[in-house]
Every structure is written in C-alpha cells, then in structure tokens.
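Student: I am new to this model and would like to learn how its features are read. Could we go through them one at a time?

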Amino acid sequence: MSARSSEGVPRNVPADSANPVETRGERFRRKAHRSGLYLYAFFTVALLVCLVALAVANSHRVEFSWVVGSSTVSLVWIVIISAILGWLLGIVTSLVFRWRTRGRGARDRGRGRRGEAARG
C-alpha cells in the first residue's frame with residue numbers, strides 16, 4: 001500500500017499500546033475540567049470589569065482623616081488599600097490559627113533533635 005492510498009484509513013492499534021483509548025469517565029473529567037477553567041476565566045474577567053467600574057465610579061477626591069491630621073486622597077485608593085490590608089490580615093489570622101491549633105505530631109516534628117534529647 002502506498003502512503004497516498006492509506007490516508008484516512010484507521011490503523012489497528014493493539015490493546016497494550018502506549019496510547020490507550022479514552023474512557024467515558026476520563027472524557028467527562030477532561031470536559032468538566034475544561035468547563036471549570038472557562039468558568040474561572042469568565043469570573044476573572046467579570047471581577048476585573050467590576051474593579052475597573054469601581055475605580056471609575058470612585059475617582060473623585062475626598063478628605064481622609066488620620067489620627068493626627070487629614071489629607072485629600074482619591075477614594076479608589078482608600079478602597080484598594082483597605083481591601084489589600086483586609087486580605088493580608090485574613091492570611092495572617094489564618095496562619096496564626098493554624099499554627100496555634102495544629103496537632104501534637106506537627107509540633108514535635110518542628111522541634112528537631114534538641115527537643116527529643118531534652119525530653120529524655
């Protein structure tokens with residue numbers, strides 16, 4: 001058979017081939033994963049659009065009062081800095097809670113040999 005006459009004809013692939021046929025479950029998982037990625041991309045773009053709309057709507061300047069004085073600042077910067085500060089405080093709080101409530105085994109692994117020798 002020439003190369004031209006074998007075009008479009010499926011090859012017989014042995015069962016122990018390196019490229020097995022995709023099962024229904026694998027295909028469903030792959031398509032579900034792809035759908036999840038599309039949803040993630042959609043919500044990311046929607047979030048960015050909302051962020052830009054927030055910045056445009058709050059671009060006017062306001063007087064911001066500090067403890068010892070005041071200054072004039074664009075409202076969008078106050079909102080963004082407050083959001084970042086809240087996010088960072090949430091991360092720190094989560095880490096502190098995780099560190100303070102971890103199990104006994106995790107605390108003992110962190111001590112090393114000195115902690116074992118001191119116990120006896």
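Tutor: Let us begin with Ile 84, which is found in helix α2, residues 75-100; helices (H or I, at least four residues) and strands (E, at least two) are DSSP runs, numbered from the N terminus. This is a predicted model, in which local features need pLDDT of at least 70 and side-chain atom pairs count only at pLDDT 80 or more, while totals for chains, interfaces and linings use all residues. Residues are numbered from 1 along each chain as its sequence is written, and side-chain values use heavy atoms, with hydrogens and water left out.

Student: Is Ile 84 buried, partly exposed or exposed?

Tutor: Buried means under 20% relative accessible area, exposed means over 50%, and partly exposed lies in between (1.4 Å probe, protein chains only). Ile 84 has a relative accessible area of 43%, so it is partly exposed.

Student: What should I know about Asn 58 and where it lies?

Tutor: Asn 58 lies in the loop between α1 (24-57) and β1 (61-65), and because its relative accessibility is 17%, Asn 58 counts as buried. A contact means heavy atoms within 4.5 Å, and, not counting residues up to four places away in sequence, Asn 58 touches Ser 74, Leu 75 and Val 76.

Student: Which residues does Ser 74 contact in turn?

Tutor: Leaving aside neighbours within four places in sequence, Ser 74 is in contact with Asn 58, Ser 59, His 60 and Arg 61. Ser 74 belongs to strand β2, residues 70-74, and at 11% relative accessibility it counts as buried.

Student: How is a pair of aromatic rings described?

Tutor: Such a pair is described by the distance of the centres and the angle of the planes. Rings of Phe, Tyr and Trp (its six-membered ring) pair if their centres lie within 6.5 Å, and planes under 30 degrees apart count as stacked, over 60 as edge-to-face and the rest as tilted. A search of the whole structure finds two aromatic pairs. Phe 42 and Phe 43 form an edge-to-face pair, 5.4 Å centre to centre with 70 degrees between the planes. The rings of Phe 64 and Trp 66 have centres 4.8 Å apart and planes at 75 degrees, so this pair is edge-to-face.

Student: How many salt bridges does the structure hold?

Tutor: Side chains of opposite charge can pair when their charged atoms come close. A salt bridge is a side-chain nitrogen of Lys or Arg within 4 Å of a carboxyl oxygen of Asp or Glu. The structure holds one salt bridge, in which the side chains of Arg 30 and Glu 22 meet at 2.8 Å, N to O.
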